[in-house]
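Student: Could you take me carefully through one part of this assembly, the place where two chains meet?

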Protein chains: 4
Amino acid sequence: MPSVEDTLLEQFLATRRYSLQICRPLEVEDYNLQAADFASPPKWHLAHTSWFFETFLLKPFLPDYIAINDLYETLFNSYYNGVGKPFQRASRGLLSRPTLDEVLAYRAHIDEGIRTLLRSQAHSERDAIVERVVLGIEHERQHQELFFTDIKYSLSANPLAPSYSQRNTKGSSSETPAALAFVPFEGGLTETGNEGSGFSFDNELPRHRNWVEPFNLANRLVTNAEYQAFIDDGGYERPELWLADGWTTVTESDWSGPLYWHNTKDGPMEFTLHGLIERQDSAPVCHISGYEAEAYARWCDARLPTEHEWELAASACSLPGSGIAISSPHPESAPSETKGVLQLYDSCWQWTRSAYTPYPGFKISPGAIGEYNGKFMSNQWVLRGGSCVSIPAQLRPSYRNFFYPPDRWQFSGIRLAR
Amino acid sequence: MPSVEDTLLEQFLATRRYSLQICRPLEVEDYNLQAADFASPPKWHLAHTSWFFETFLLKPFLPDYIAINDLYETLFNSYYNGVGKPFQRASRGLLSRPTLDEVLAYRAHIDEGIRTLLRSQAHSERDAIVERVVLGIEHERQHQELFFTDIKYSLSANPLAPSYSQRNTKGSSSETPAALAFVPFEGGLTETGNEGSGFSFDNELPRHRNWVEPFNLANRLVTNAEYQAFIDDGGYERPELWLADGWTTVTESDWSGPLYWHNTKDGPMEFTLHGLIERQDSAPVCHISGYEAEAYARWCDARLPTEHEWELAASACSLPGSGIAISSPHPESAPSETKGVLQLYDSCWQWTRSAYTPYPGFKISPGAIGEYNGKFMSNQWVLRGGSCVSIPAQLRPSYRNFFYPPDRWQFSGIRLAR
Amino acid sequence: MPSVEDTLLEQFLATRRYSLQICRPLEVEDYNLQAADFASPPKWHLAHTSWFFETFLLKPFLPDYIAINDLYETLFNSYYNGVGKPFQRASRGLLSRPTLDEVLAYRAHIDEGIRTLLRSQAHSERDAIVERVVLGIEHERQHQELFFTDIKYSLSANPLAPSYSQRNTKGSSSETPAALAFVPFEGGLTETGNEGSGFSFDNELPRHRNWVEPFNLANRLVTNAEYQAFIDDGGYERPELWLADGWTTVTESDWSGPLYWHNTKDGPMEFTLHGLIERQDSAPVCHISGYEAEAYARWCDARLPTEHEWELAASACSLPGSGIAISSPHPESAPSETKGVLQLYDSCWQWTRSAYTPYPGFKISPGAIGEYNGKFMSNQWVLRGGSCVSIPAQLRPSYRNFFYPPDRWQFSGIRLAR
Amino acid sequence: MPSVEDTLLEQFLATRRYSLQICRPLEVEDYNLQAADFASPPKWHLAHTSWFFETFLLKPFLPDYIAINDLYETLFNSYYNGVGKPFQRASRGLLSRPTLDEVLAYRAHIDEGIRTLLRSQAHSERDAIVERVVLGIEHERQHQELFFTDIKYSLSANPLAPSYSQRNTKGSSSETPAALAFVPFEGGLTETGNEGSGFSFDNELPRHRNWVEPFNLANRLVTNAEYQAFIDDGGYERPELWLADGWTTVTESDWSGPLYWHNTKDGPMEFTLHGLIERQDSAPVCHISGYEAEAYARWCDARLPTEHEWELAASACSLPGSGIAISSPHPESAPSETKGVLQLYDSCWQWTRSAYTPYPGFKISPGAIGEYNGKFMSNQWVLRGGSCVSIPAQLRPSYRNFFYPPDRWQFSGIRLAR
């Protein structure tokens with residue numbers, strides 16, 4: 001029977017390999033691409049995920065560990081002030097050096113270090129190490145998702161509309177999705193937050209009681225065609241449908257539709273990781289800000305769910321799979337099933353109307369690692385579920401994703417509640 | 001026995017008179033002063049509160065009402081898109097015309113109109129009218145508070161540090177305030193939101209159930225001396241104490257203390273509506289952003305209360321008075337009493353850790369008047385209680401005030417929870 | 001026969017009185033108005049011109065001079081770094097205090113000081129004092145012109161379009177102006193710069209030799225009707241007509257015509273110091289940036305003159321009058337005369353294609369007073385002549401006015417050359 | 001004897017090859033690097049210079065020319081509005097596609113096209129073609145210089161301080177340079193502008209008369225040690241030394257020395273294309289803005305020359321060589337010679353005090369090619385000479401370089417005049 005460490009090492013290596021695998025379709029020139037502050041370059045993701053293992057495991061726990069380059073501590077720090085002043089986020093695309101080859105060597109160096117660390121015997125900090133390797137794996141999976149969202153954004157800035165990969169054209173997407181329906185839930189005095197002994201992020205804890213009134217949750221996500229009807233009804237020109245800050249964003253950013261929609265002379269198109277493709281009526285509307293989701297819901301006399309409602313509903317449904325790879329970097333139409341709540345984890349993240357705040361009794365871990373989640377608990381909204389570019393193995397009903405309400409470059413969509 | 005309308009008219013006129021009374025210490029030149037987008041000039045407050053009665057009462061309900069100037073509809077609209085495109089907020093200080101005398105004539109015209117409206121017999125829209133006059137009075141009281149916060153900010157931009165009024169020097173402020181203590185509350189399945197038949201704003205409704213864990217609430221507000229200890233301990237230089245967005249604000253805005261603190265060669269001073277005065281150790285720290293409140297709480301191993309906790313505690317305490325005038329435009333030290341929760345309504349608003357979101361089942365009123373509160377329910381935090389410049393008659397346990405977490409020009413302070 | 005000092009004192013007092021006289025049509029509320037960084041409030045002009053006499057005459061030369069308020073040294077300093085750090089320009093409109101009455105008292109205090117200084121006997125610094133009083137008078141006249149340009153801009157920000165004064169409706173403006181013609185000049189080795197012993201600013205010196213090729217200068221300014229033809233021909237939509245920086249300004253500022261033009265449902269209107277009036281075809285186009293002037297000239301196959309050409313031509317024409325008051329704050333149409341060069345000084349400043357740089361041998365005076373002109377000699381263009389709001393007594397052929405090429409709030413127009 | 005076309009083709013091909021040769025030290029990742037709006041990526045320079053030949057020669061003159069990709073017309077247009085709306089300058093670094101290989105193929109395609117065009121017989125537009133090929137070669141040489149200035153800037157943004165190439169350590173730089181001396185020139189009625197039949201840019205024409213007073217010009221450029229003395233004397237803290245706009249730039253940009261100077265714990269260093277190296281006292285100060293040059297000159301009681309003075313002096317000195325390659329991408333110390341005016345072309349461009357304006361009688365060519373120079377004639381200053389990264393073959397006494405006075409990323413230094 002393999003030891004905990006062996007199993008973990010295997011998981012670790014599989015995760016590390018997958019990060020390289022998803023980069024394979026890129027050209028060398030793409031690795032540095034950063035079209036906005038928030039869209040980190042692929043090379044930076046490869047380096048930063050390594051930095052995480054180096055900073056929180058190799059430097060504190062591996063005796064005689066020698067860093068490849070002391071400046072990497074600064075260059076590949078994302079936002080951990082406890083580790084020093086990070087290199088400015090908006091300039092990550094300016095790091096042509098270290099080159100890709102040097103970054104790959106850095107990754108190999110880190111992999112070797114973790115291998116050594118996990119194989120060393122009778123280590124007194126064994127539990128801490130295991131816990132942090134698990135966290136590092138989960139962290140890298142989050143960056144695998146960000147890899148997709150960021151490179152999509154960065155490629156979209158190029159008028160050549162480059163495609164990341166070819167589309168698999170079989171696709172169940174041509175089917176007619178289930179009609180929109182609302183599934184009733186009873187509510188009551190419930191519990192929210194991660195349960196059991198599996199991994200969870202600190203922001204999912206502690207599990208705590210909550211009073212939830214009865215509610216109804218949509219059986220599937222809002223589709224492109226449904227969202228088009230909102231636009232056709234003047235959705236982007238009617239301030240009364242919007243939150244005040246949302247309306248300011250609409251007018252200042254001159255929004256008239258979702259992020260990647262293009263109405264060309266060839267008809268309605270959408271920029272995707274397969275390049276510019278025809279927009280599909282039945283596919284879920286994606287790359288929607290929280291403000292747009294909220295306005296859409298108001299327009300059709302519904303509302304967004306709270307995160308407690310969402311979690312309560314999801315806990316009663318089937319769970320996400322355990323795969324460590326994505327199926328397709330573009331969301332598919334809902335199946336035609338008419339039972340249950342569909343598209344919880346595999347299409348688009350679902351904006352909730354809950355602000356991202358600490359759960360009652362939430363504690364921040366000591367040290368720089370405590371900066372992981374807690375310090376972001378203001379001005380953001382919680383999204384729940386997962387998307388077509390999430391790693392299924394890291395999703396669960398209690399997972400809290402969070403972004404600012406104007407953000408649109410994530411694969412985010414709309415699930416209605418009433 | 002006076003009719004409802006007579007009583008209401010009396011209230012209306014008293015409120016209108018008080019708006020003029022608080023302006024009396026000003027010079028004509030001060031009436032146009034606007035030192036920031038958010039700090040409206042006194043003259044604009046006088047005109048806008050009149051516009052509210054004109055727009056929502058006289059124009060719809062008073063037959064043959066004739067407006068003094070059609071452009072006022074635009075000039076003195078604050079943010080009601082349903083009434084048309086408002087004059088830009090940042091330029092209110094540029095309206096040297098209409099002159100003060102013209103605005104006073106506008107006020108008299110509106111007063112006359114409301115008098116006529118309330119005295120007209122057997123009006124079929126009687127209930128709607130009464131409801132809106134009440135709302136207009138409450139609205140004007142909110143602007144009376146804003147008058148103080150805004151003129152304080154605008155005067156503070158002048159190196160001459162002009163004083164709005166003389167300080168009443170008797171002051172109980174020299175006393176030693178109560179020692180900081182935490183009052184325990186049991187929590188459980190409670191109700192939040194306005195109760196009973198009295199007036200409340202739409203955002204206080206509907207009253208709804210909530211699960212609250214046991215908690216402790218500080219018996220008084222944090223003092224200047226206590227806050228100084230935070231600064232002395234490097235509070236403004238340690239990112240680990242701050243929310244990420246808070247730390248960005250601190251560094252970009254170069255904050256090193258509360259808004260109006262000045263450390264001069266004559267010692268620690270504070271700009272107030274009485275000009276620059278000596279800072280008092282025992283007085284509550286005031287003009288604190290939500291970020292600062294949150295960082296301070298973390299520093300002393302406490303936290304900010306949620307709005308539900310605050311309301312639960314306040315419901316068990318004595319209520320604010322019914323006065324329609326303020327006592328002093330500067331917060332006093334807490335009394336030396338050692339029982340109960342002090343300084344709930346009369347010193348500084350208290351930041352909570354609750355984001356300003358709709359209560360379950362919240363409904364927005366139809367028409368432009370529905371823009372009153374609902375559209376602001378994103379990115380802001382709830383403050384509870386009241387301040388020395390609030391009109392006591394409009395405060396109550398369920399009152400929800402809300403500002404952006406970096407805002408500091410309100411009379412906002414810190415009450416700790418655990 | 002009156003002494004030099006008596007004559008000077010009389011001139012001084014007349015100038016001081018005229019500053020007050022031009023303010024008389026204002027409401028108290030207008031005195032603080034500042035609609036842009038560059039448009040100082042009337043009260044500030046009144047105070048700053050007094051500050052100039054206080055700083056450069058009373059403080060250094062009048063024994064026992066006592067300032068009214070030490071902070072005025074900072075508050076009313078415009079840009080003299082040698083005197084200390086000036087109060088920020090953009091915030092002058094926030095100085096509701098000192099009040100108008102206090103500023104008038106400040107002016108009276110300064111007047112009294114200068115009276116004393118000029119009457120004191122046998123002063124050893126007599127020449128320096130006389131020279132500086134003359135400079136102070138010329139300085140105040142410049143601010144009288146700025147008073148008109150600034151209050152026009154600030155009033156224009158008010159949707160009520162307030163008028164500063166009533167228009168004198170007789171006006172020769174209804175006449176047909178002279179047809180556009182070009183007057184030939186021979187050029188050759190000429191001299192540029194002030195000549196003779198009269199007052200001039202430092203930037204007009206030293207007089208120096210220059211080679212000028214033969215040129216032709218337009219007999220009058222470009223009219224509104226002529227400029228409208230440029231607009232009608234797509235002038236604001238054709239980048240090939242513009243300097244690159246000009247085109248950037250047009251697109252970023254969304255210009256489609258001169259600053260104060262409004263095309264209303266009542267026809268073509270123009271905001272003036274008489275409020276919104278009908279635009280007159282024959283009047284000179286005014287409130288034109290250097291970029292617009294240059295583009296217009298290119299469009300009609302002409303060019304702007306150089307400052308040397310302009311000065312050479314003006315030296316051969318009749319000089320401006322010696323009045324110390326303006327006639328009308330709005331430029332009139334050219335007379336129908338067909339001889340000579342018209343509208344040199346009394347309509348609109350005329351943009352030249354000369355960058356504002358030092359004359360060969362130019363010297364800056366020592367001390368703060370040397371900051372008067374020299375430090376502005378970069379990035380600006382020279383304008384020559386004078387406008388309807390200039391004080392005639394301070395104009396002359398060698399006078400160099402200067403503004404940034406995008407500036408439009410001065411009374412600036414177009415004279416063509418070839 | 002080779003035909004004009006054969007000689008031109010050879011020149012063309014040599015120029016094209018040199019563009020590739022200077023890129024050879026780069027990593028693939030460097031080709032897309034753009035650390036500021038103004039610093040175009042190497043790959044973009046390679047593509048844009050090809051675009052120039054395609055747009056102005058192949059498309060109009062080569063029958064049946066087929067473009068590789070129609071979108072390149074937009075992507076690689078720099079600023080020619082006559083050709084259509086260019087891709088935004090600040091985003092050139094986002095064009096990861098076309099890849100380097102694709103751009104090299106584009107270059108080969110263009111080379112082949114020009115070869116065909118020049119070899120086609122009896123072409124009726126022969127003269128126009130020859131003229132434009134010459135312009136295209138000169139244009140590409142300008143971009144070869146920009147390649148060096150831009151990649152230096154972009155590499156400097158990387159904390160790793162990458163070096164473009166190894167330094168050749170022999171260097172005559174250790175010698176003692178000539179003492180600073182002023183060479184007298186007589187002036188008088190002179191001529192400025194290109195003379196003779198050789199190539200020149202349109203902005204050097206027409207040659208025209210000018211009156212120049214006697215002047216003295218420094219025999220060499222200001223050194224690092226001399227500039228350090230200016231800093232040590234408070235040069236960056238004394239507003240009286242600066243033009244007003246210069247002082248604004250100093251304070252807003254927080255300048256305290258030349259662009260690439262670093263004072264490290266290992267002493268005074270300088271970032272160069274050889275990485276971070278020790279700063280050499282005797283080397284000319286480089287990467288200086290026009291404002292700094294002007295302030296330095298004022299500080300040492302001198303001034304900057306006018307462009308007429310510079311050209312007059314240079315016309316009497318030895319001319320630059322005819323090489324088409326640079327010697328070293330870092331300026332060397334002046335030789336110890338004591339005769340004549342040194343460092344005219346081979347060290348640093350020299351700021352003049354002349355604004356960049358059209359010469360009398362200047363004409364812009366019709367069509368998009370007329371946008372080459374004329375439209376930039378505002379707000380910039382003229383620099384004269386050449387630098388260590390200029391292609392010697394394209395320098396001459398009449399060459400006018402121009403940049404905005406705050407620009408520092410060019411190899412620009414200081415030559416004093418009196």
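Tutor: What follows is a close look at the interface of chain A and chain D.

This is a predicted model, in which local features need pLDDT of at least 70 and side-chain atom pairs count only at pLDDT 80 or more, while totals for chains, interfaces and linings use all residues. Residues are numbered from 1 along each chain as its sequence is written, chains are lettered from A and ligands numbered from 1 in the order in which they are written, and side-chain values use heavy atoms, with hydrogens and water left out.

Contact means heavy atoms within 4.5 Å, and by that rule 28 residues of chain A touch 28 residues of chain D. Together the two chains bury about 2400 Å², 64% of it on carbon and sulfur atoms; buried area is the accessible area (1.4 Å probe) that two parts lose on being put together, summed over both. On the side of chain A, Glu29(A), Leu94(A) and Arg97(A) supply 31% of the area that this chain buries against chain D, more than any other three residues.

Turning to charged groups, the rule finds 2 salt bridges across this interface, a salt bridge being a side-chain nitrogen of Lys or Arg within 4 Å of a carboxyl oxygen of Asp or Glu. Arg97(D) and Asp30(A) meet in a salt bridge through their side chains, at 2.6 Å from N to O.

By contrast with this pairing, no contact joins chain A and chain C, and their closest C-alpha atoms lie 15 Å apart. Chain B and chain D likewise have no contact, with their closest C-alpha atoms 15 Å apart.
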